[in-house]
Amino acid sequence: MAFESLSDKFQNIFKNLRSKGRLTEEDVKVALKEVKMALLEADVSFKVVKKFINAVTERAVGSDVMNSLTPGQMVIKIVNEEMTNLMGSETTEIKLKPSNEITVIMMAGLQGAGKTTTVAKLAGKFKQKGYKPLLVACDIYRPAAIDQLTINAEKQDVPVFSMGTDNKPKDIAKAAMSHAAKNDNNVVIIDTAGRLHIDEEMMDELIGIKEAVEVDQTILVVDAMTGQDAVNVASNFNDKVGIDGVILTKLDGDTRGGAALSIKAVTDKPILYVGMGEKLSDLEQFYPDRMASRILGMGDVLTLIEKAEASFDLEKSKDLEAKMKKADFGFDDYLEYMQQINNMGGIAEMLKLMPGNMNISEDQLPDEKKLKRVEAIIYSMTPEERSKPALLNPSRKNRIAKGAGVDIAEVNRLVKQFEQARKMMKQMPGLMGGGKKKRRGF
Ligand code: GDP
């Protein structure tokens, strides 16, 4: 699986960060050093890593982070955001002209990168959008390339314009334009010849096509498995021919992540699509934010963190934390706590990410209905019972059950859950975000 080893490393680094209720500057620095090593091992260019680490450090070592609900989570959030920025922050679409004009796309790339396959994949995408693509066979050096393009085009049910191997690519491209105009094709995708390595002839040929026809977009196809080489190739093509975007292929393979993470930062050109397999449907839009989450092995954690930050009433939380410490945490406080976590939603997953890696099943947690019953039980207690749960003997519990209109078993369950919650909160000082302890180093 792509990025597996990088994701594993991030998971470990993040686990350490999460397990700490409070963070010192030193903690953050140690974690970022590990992040740096992991990125370098994943073949991300040194310059990119340095820039990335500086950007994260600048944001992570500050009072905003340290005073947040869970500083470890905030550092992780920053790493995620900066990683998204590194890959372009926004999704870039291939710009197509209105359908009454012809958009010309020239595809470039080294041999074996996946260019011909990608041409056909793209044609399928454009067709889905209602365009009429024409594929142009400009690889005159390998007759097999023309055959391959034709076979793939047939699968996508799109036409191919070919003049065999005896004409110059720029002349074929020119002739293709008249063909497209005559046949109402409004997207012309030119498949050019690749080489095993960068060479002048190949670059000149691409420049020649650009001079012969008005190319709207030059898209480079690079193989993600080649890591830094892919980045160098992109850089070279951009300098010599000029590219508008990159399609990264073979992301379904065991790639380390270097290419995906470095291309935008090095060339300033966006990744447009990613190839996720050999099938012609295996082409996905590139979303920098989703890719960052994937590389970090984080899934939907960010949404959860944001939810938590947004729904926790920090002032109330501080009060609760203070009460907890004084051991006078009673049923009224418990109810408030239940209401807060109920506001959060998805709490079971959230708690798994909390310090101590708590595993609580969904049915132990309140939904609206359960919360109403909890409220009824707690409101049937006397104020004294609410602040001193130890007073609850069987006869008092019986009276409370009658008052709330529930079975005594439910009262027993609530009391048990209350005890558990009290114990649990003692184990996780970071959850309530009180920040009463003096922070080391800040
Ligand atoms: P070209 O020489 O650049 O035109 O490359 P091809 O289109 O012929 O592709 C080279 C090989 O890579 C073929 O076997 C393709 O099936 C394969 N390929 C292309 N894109 C992908 C991809 O995204 N994932 C995988 N696994 N294989 C791919």
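Me: What covers the buried residues of α2?
Reply: Keep in mind that this is a predicted model. The cover over the buried residues of α2 includes α1 (4–18), α3 (46–60) and α5 (71–86).

Me: Which residues of α2 are buried?
Reply: The general idea is to count neighbours: a residue is buried if 20 or more other C-beta atoms lie within 10 Å of its own. In α2 that gives V28, A31, L32, V35, A38 and L39. Looking down the axis of α2, these buried residues fall within an arc of 115°, so they line one face of the helix.

Me: What does the face turned away from the buried side of α2 carry?
Reply: That face carries E26 and K33, which are exposed.

Me: What follows α2?
Reply: D43 follows, with a positive phi near 75°.

Me: Now α9. How far does it reach from its first C-alpha to its last?
Reply: Apply the length check again. Helix α9 (residues 200–212) has 13 residues and reaches 18 Å, close to the 18 Å expected at 1.5 Å a residue.

Me: Which residues of α9 are buried, and which are exposed on the other side?
Reply: M202, E205, L206 and I209 are buried in α9. They cover an arc of only 95° around the axis, which puts them on the same side of α9. On the other side, E200, E201, D204 and E211 are exposed.

Me: What covers the buried residues of α9?
Reply: Here the cover includes strands and a helix: β1 (103–108), β2 (133–138), β4 (187–192) and α8 (169–182) are among what lies over those buried residues.

Me: On to the loops. Where does D157 lie, and what is its phi?
Reply: Look at the backbone angle, then the setting. D157 lies in the loop between α7 (143–156) and β3 (160–161). Its phi is positive, about 55°, although D157 is not a glycine.

Me: Is D157 buried or exposed?
Reply: Exposed, because D157 has 9 C-beta neighbours inside 10 Å. The cut-off for exposed is 12 or fewer.

Me: Where is K250 found, and does it count as buried or exposed?
Reply: K250 is found in the loop between β6 (245–249) and α11 (258–267). K250 has a positive phi too, about 60°, although it is not a glycine. K250 counts as buried because it has 24 C-beta neighbours inside 10 Å.

Key. Residues are numbered from 1 along each chain as its sequence is written. This is a predicted model: local features need pLDDT of at least 70, side-chain atom pairs count only at pLDDT 80 or more; totals for chains, interfaces and linings use all residues. Helices (H or I, at least four residues) and strands (E, at least two) are DSSP runs, numbered from the N terminus. The arc is that of the directions from the helix axis to the C-beta atoms. Two residues are in contact if their C-beta atoms, placed from the backbone, lie within 7 Å. The expected span of a helix is 1.5 Å times one less than its number of residues.
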